[in-house]
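Here is a short tour of helix packing for you to follow on screen. Have your viewer ready.

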Amino acid sequence: MTEATGGKDQQHPLYNRDRPLIDILLSQEATDYNLAELARLRIRYQGFPGARDIQKDLDKVLQQWGLTEAELFERTRQIHDVGGTYKSRGKKEEQDWN
């Protein structure tokens, strides 16, 4: 029987897709879109037992932009209240939960 995550880091299934996005965030400013992306990624990796480099870099982006996590989430709530940050790829209104 194999050990079930007993202290061993896991590979996140979206790691290879998210890593380039985080590298972009590290090099850019805090636009509305980038703030929304940072908040989305922080929620995705929060408490995940692995992807330590991503979690560390998400913290670094927050620090570079001079924000706490609470401030980030407050700003992104305001951004999403206005809407339009993520444009739908289809013809109908839909939400992207990826």
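Leaving aside neighbours within four places in sequence, which residues is Leu26 in contact with?

## Ground rules

This is a predicted model, in which local features need pLDDT of at least 70, side-chain atom pairs count only at pLDDT 80 or more, and totals for chains, interfaces and linings use all residues. Residues are numbered from 1 along each chain as its sequence is written, and side-chain values use heavy atoms, with hydrogens and water left out.

## Leu26 and its partners

Leu26 is in contact (heavy atoms within 4.5 Å) with Arg19, Asp57, Lys60, Val61 and Gln64, once neighbours within four places in sequence are set aside. Leu26 lies in helix α1; helices here are DSSP runs of H or I, at least four residues, numbered from the N terminus.

## How α1 meets α3

The axes of α1 and α3 come within 10 Å and cross at roughly 25 degrees. These axes are lines fitted to C-alpha atoms over the stretch in contact, with angles from 0 to 180 degrees between N-to-C directions. That makes α1 roughly parallel to α3, a label for angles under 35 degrees.

On the α1 side, Tyr15, Asp18, Arg19, Ile22, Leu25 and Leu26 meet Asp53, Ile54, Asp57, Leu58, Lys60, Val61 and Gln64 in α3.

## Trp65

The C-alpha atoms of Leu26 and Trp65 are separated by 9.5 Å, and the two are 39 residues apart along the chain. Not counting residues up to four places away in sequence, Trp65 touches Leu25, Gln28, Glu29, Ala30, Asn34, Leu35 and Leu38.

Definitions and conventions. Helices (H or I, at least four residues) and strands (E, at least two) are DSSP runs, numbered from the N terminus. Angles under 35 degrees count as roughly parallel, over 145 as roughly antiparallel, 65 to 115 as roughly perpendicular and the rest as oblique.
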